[in-house]
Protein chains: 2
Amino acid sequence: MYQFADRMGQVSTSAIREIFKAMADPEIISFGGGSPANQSFPIDVIKDITEKALTEKGPQVLQYGITEGWPALRQAYVEHIAKPKGIEAAVENVIVTTGASQGIQLLADVFLNPGDVVLVESPTFLGVFSVFNKYFVKCVPVAMDEHGLIVEDLEAKIKEHNPKMLYTIPTFQNPTGRTLPVDRRQKVAELASQNNLIVLEDDPYCDLRYKGEVVPNIKMFDKTGHVVLLNSFAKIISPGLRVGTILAETEIIQKLAVAKQGADTHTANLSQEICAEFLNRGLLPGHLEKIKPMYEVRLNTMLSAIKKYFPEGTKYTEPDGGLFVWVELPGEPDVLELFKKSASDYKVAFVPGIHFCKNPEDGIRHLRLNFSSSTPEQIEEGIKRLGELFSKELAK
Amino acid sequence: MYQFADRMGQVSTSAIREIFKAMADPEIISFGGGSPANQSFPIDVIKDITEKALTEKGPQVLQYGITEGWPALRQAYVEHIAKPKGIEAAVENVIVTTGASQGIQLLADVFLNPGDVVLVESPTFLGVFSVFNKYFVKCVPVAMDEHGLIVEDLEAKIKEHNPKMLYTIPTFQNPTGRTLPVDRRQKVAELASQNNLIVLEDDPYCDLRYKGEVVPNIKMFDKTGHVVLLNSFAKIISPGLRVGTILAETEIIQKLAVAKQGADTHTANLSQEICAEFLNRGLLPGHLEKIKPMYEVRLNTMLSAIKKYFPEGTKYTEPDGGLFVWVELPGEPDVLELFKKSASDYKVAFVPGIHFCKNPEDGIRHLRLNFSSSTPEQIEEGIKRLGELFSKELAK
């Protein structure tokens with residue numbers, strides 16, 4: 001009966017909803033999501049911060065706030081997130097978003113016309129397809145190898161398509177866990193400048209590094225204001241607060257503020273104050289040192305279990321951080337069919353690789369496994385069950 | 001240098017930013033905003049609720065939530081907001097939004113194609129123009145009299161323009177404070193059904209009634225699922241929490257959930273839990289009884305001061321509730337010029353009427369005054385100053 005907008009026909013989420021439905025089954029061991037561990041949240045500190053915030057500045061916290069963000073948080077982001085990464089920025093270069101997912105949508109709002117081309121890694125974060133599709137743009141995949149985005153293919157795709165934007169997750173990429181090396185980052189920034197290409201550097205996992213050396217942001221090599229850096233508090237404090245940030249030239253920030261005004265006026269003040277005060281108390285480094293060993297154990301447990309239980313010929317990434325392992329099964333597996341059997345008969349969930357790919361063939365033998373939200377015992381048991389299923393089905 | 005999207009050229013907020021800049025001056029008496037009183041916030045209860053929520057369900061509150069909303073809040077909205085208004089609804093008819101402003105944008109996302117016509121009251125909430133403009137739709141104004149929307153003009157505009165949507169604030173309208181009578185509400189619902197017209201019934205002020213009888217929602221007369229009801233916790237608990245709701249047929253709610261998934265994944269859980277628990281503790285009716293007398297005093301102070309100080313021939317609305325009084329000055333005033341003098345020389349802010357109007361001539365002699373965020377003393381003094389300015393300038 002209703003005449004919905006044409007853009008809604010561009011948006012497909014049924015496969016994802018299927019997966020979420022399976023994950024909601026309390027019996028299931030889920031490697032399907034991207035949630036931080038329930039055990040990782042600094043509940044007591046947040047209790048203390050909220051109590052203090054409401055006591056000392058209740059009326060400001062509960063009143064309308066500024067569209068660009070809670071001043072204390074913009075300042076704290078510059079001081080405690082950007083600066084330690086070596087990024088020079090002023091408060092005017094920062095806008096707070098309602099989760100980093102809002103950041104992607106606001107940047108689409110500000111930059112994308114129908115018919116524009118957006119380059120994405122293949123595979124990439126599945127949520128971006130439904131956002132970009134709403135803007136009637138064309139998503140063109142750029143190839144990756146084990147080190148991430150292949151810059152030669154990026155250059156070729158720029159020449160071929162004259163794209164408006166590149167969306168990339170250079171560090172502990174979702175879904176692969178891969179990290180782009182420094183020389184490729186430099187090249188990405190150069191290509192952006194030379195081709196008037198906006199780079200969305202989505203960096204929610206960067207602070208969850210369990211081994212290896214820190215790699216500088218693509219933003220560090222940006223001399224012309226073409227790189228826009230998205231950070232998130234979801235994985236390092238709490239996703240339920242819905243707080244992310246965008247760092248960009250002030251001209252872009254001003255447009256984003258106009259878009260955000262219509263989107264939700266501003267992000268919840270209490271959520272912003274929690275993040276600001278957490279940073280200003282100097283708690284982030286210690287908190288990360290506390291949660292990283294827990295995630296490292298989970299990652300190592302998953303990697304050894306895959307090695308032990310998955311069929312011979314299975315390939316998988318061994319990331320230095322983040323939340324995900326990307327698995328390629330041997331032979332000609334039907335991963336969508338395997339997912340159904342896995343969820344119903346083996347009570348284990350994952351996400352089939354094709355959902356992360358513009359060209360389904362790029363992810364047809366693949367699956368994404370999240371290790372952060374399950375205990376080591378669940379990981380051992382879940383991977384064992386998956387191993388049984390895969391060995392049985394692939395032997396057919 | 002940047003090639004921003006065409007839609008950003010459709011969005012004009014410079015006049016509004018000018019006004020906000022003036023309002024930020026701490027010396028100024030501001031009738032320009034739409035904020036609730038700082039004194040109205042239930043700080044102690046919110047402290048207690050957050051402490052309890054983090055103690056008893058910290059991991060759920062801080063983890064990712066459901067796109068459609070915190071289950072306790074959807075349930076509490078049905079029980080404590082919809083039901084007392086006589087509206088039958090199930091949890092599946094409700095989605096939680098990041099402020100009611102997100103609700104407007106999500107509905108635009110779901111329903112509007114470029115070229116569609118949206119009917120708006122003249123004058124109307126100024127924020128809707130920048131939202132609707134982004135979707136390349138045509139906003140067509142419908143005339144109002146002292147009782148609100150004129151349904152004969154609505155019918156004529158429907159015939160002339162075949163619109164997709166009507167945006168209306170039927171109760172204590174922004175900016176006029178007018179309330180649509182019951183017979184016109186019934187007619188609006190009928191016209192919507194007959195013409196496959198989606199009605200956005202934006203109702204953030206309905207619970208701030210200081211006198212007169214409650215009028216049923218337009219939604220009460222909706223037999224065909226054409227009316228979508230937006231409510232907000234901004235004016236009755238706290239705007240800083242950013243929590244609003246949309247009540248609609250499940251088919252619409254499902255599309256809204258898809259749009260919200262890309263917009264911000266979900267609304268901040270802690271904000272949602274605060275609203276849910278506030279309702280479930282049965283605190284809303286008592287809280288409203290506490291804040292309404294405070295606002296009534298401010299409204300009455302403003303009305304008497306206008307009568308006392310404004311030039312002869314001034315017309316103004318005398319609303320039964322809400323936050324705003326709409327003033328029409330006599331003669332041929334240049335209200336934009338008066339605003340500048342008022343802000344700089346008299347240190348009083350208001351919003352010129354033309355900003356609320358698609359056709360500027362509809363608001364050319366008008367101004368909107370907010371009475372909720374100033375004390376009675378400030379109101380008396382501010383209206384006195386405005387009276388001096390207006391008398392002086394209009395006598396020229």
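This is a predicted model: local features need pLDDT of at least 70, side-chain atom pairs count only at pLDDT 80 or more; totals for chains, interfaces and linings use all residues.

Modeller: Four strands of chain A form an open sheet in the order E11-E12-E15-E14, with antiparallel pairing. The edges are taken by strand E11 (315–316) and strand E14 (351–352) of chain A; each has a single partner strand, so one side of each is left without a neighbour in the sheet.

Strands of a sheet pair through backbone hydrogen bonds, either parallel or antiparallel. Helix H11 (residues 284–309) of chain A lies across E11, E12 and strand E15 (366–370) of chain A, and runs at about 15° to E12(A).

A:Lys347 has a positive phi of about 55°, although it is not a glycine. Its relative accessibility is 23%, and A:Lys347 therefore counts as partly exposed. A further positive phi belongs to A:Thr265, about 65°, again in a residue that is not a glycine. A:Thr265 occupies the loop between helix H9 (250–264) and helix H10 (269–280) of chain A. With a relative accessibility of 15%, A:Thr265 counts as buried.

An unreviewed UniProt entry annotates residues 42–386 of chain A as "domain: Aminotransferase class I/classII large". Over residues 42–386, chain A is 44% helix and 15% strand, and the end C-alpha atoms are 32 Å apart.

Another strand of chain A, E9 (residues 227–232), contains A:Leu230. At 1% relative accessibility, A:Leu230 counts as buried. Beyond its neighbours within four places in sequence, A:Leu230 is in contact with residues including A:Ala100, A:Ile104, A:Leu107, A:Leu200, A:Pro204 and A:Ile246. The C-alpha atoms of A:Leu230 and A:Ala263 are separated by 18 Å, although the two residues are 33 residues apart along the chain.

In chain B, strand E9 (residues 227–232) is mostly covered, with six of its six residues buried. B:Val227, B:Leu229 and B:Asn231 point one way from E9(B), while B:Val228, B:Leu230 and B:Ser232 point the other way, and all are buried. In a regular strand the side chains alternate between the two faces of the sheet. E9(B) is joined by four bridges to strand E8 (residues 198–202) of chain B, and these two run parallel; in this pairing B:Leu200 stands opposite B:Val228. Four bridges also join E9(B) to strand E10 (residues 244–247) of chain B, here in antiparallel fashion, and B:Asn231 stands opposite B:Thr245 in E10(B).

Returning to chain A, the buried residues of helix H7 (residues 151–161) are A:Val151, A:Asp153, A:Leu154, A:Lys157, A:Ile158 and A:His161. Seen down the axis of H7(A), these buried residues fall within an arc of 155°, so they line one face of the helix. An α-helix has 3.6 residues a turn, so residues three or four places apart point the same way. The face turned away from the buried side of H7(A) carries the exposed residues A:Glu152, A:Lys159 and A:Glu160. The cover over the buried residues of H7(A) includes strand E3 (117–121), strand E4 (138–142), strand E6 (148–149), E7 and H8 of chain A. Just after H7(A), A:Asn162 takes a positive phi of about 45°.

The loop between strand E7 (165–168) and helix H8 (182–195) of chain A holds A:Pro175, which a cis peptide bond with omega of about 15° joins to A:Asn174. In chain B, a cis peptide bond likewise joins B:Asn174 and B:Pro175, with omega about 15°.

The two chains are related as follows. Chain A is superposed on chain B by a rotation of 180° with 0.0 Å of shift along its axis, at an RMSD of 0.0 Å. That is the relation of a two-fold axis. Of the interface residues of chain A, 100% are also interface residues in chain B, so the copies meet through the same surface.

Methods
Residues are numbered from 1 along each chain as its sequence is written. Chains are lettered from A and ligands numbered from 1 in the order in which they are written. Side-chain values use heavy atoms; hydrogens and water are left out. Copies are superposed by least squares on the C-alpha atoms of residues with pLDDT of at least 70 in both. Contact means heavy atoms within 4.5 Å. Buried means under 20% relative accessible area, exposed over 50%, partly exposed in between (1.4 Å probe, protein chains only). The arc is that of the directions from the helix axis to the C-beta atoms. Two strands pair if DSSP finds at least two bridges between them. Axes are lines fitted to C-alpha atoms, for helices over the stretch in contact, and angles run from 0 to 180 degrees between N-to-C directions. UniProt positions are given in the numbering used here, feature names are shortened, and annotations may be inferred rather than shown by experiment.
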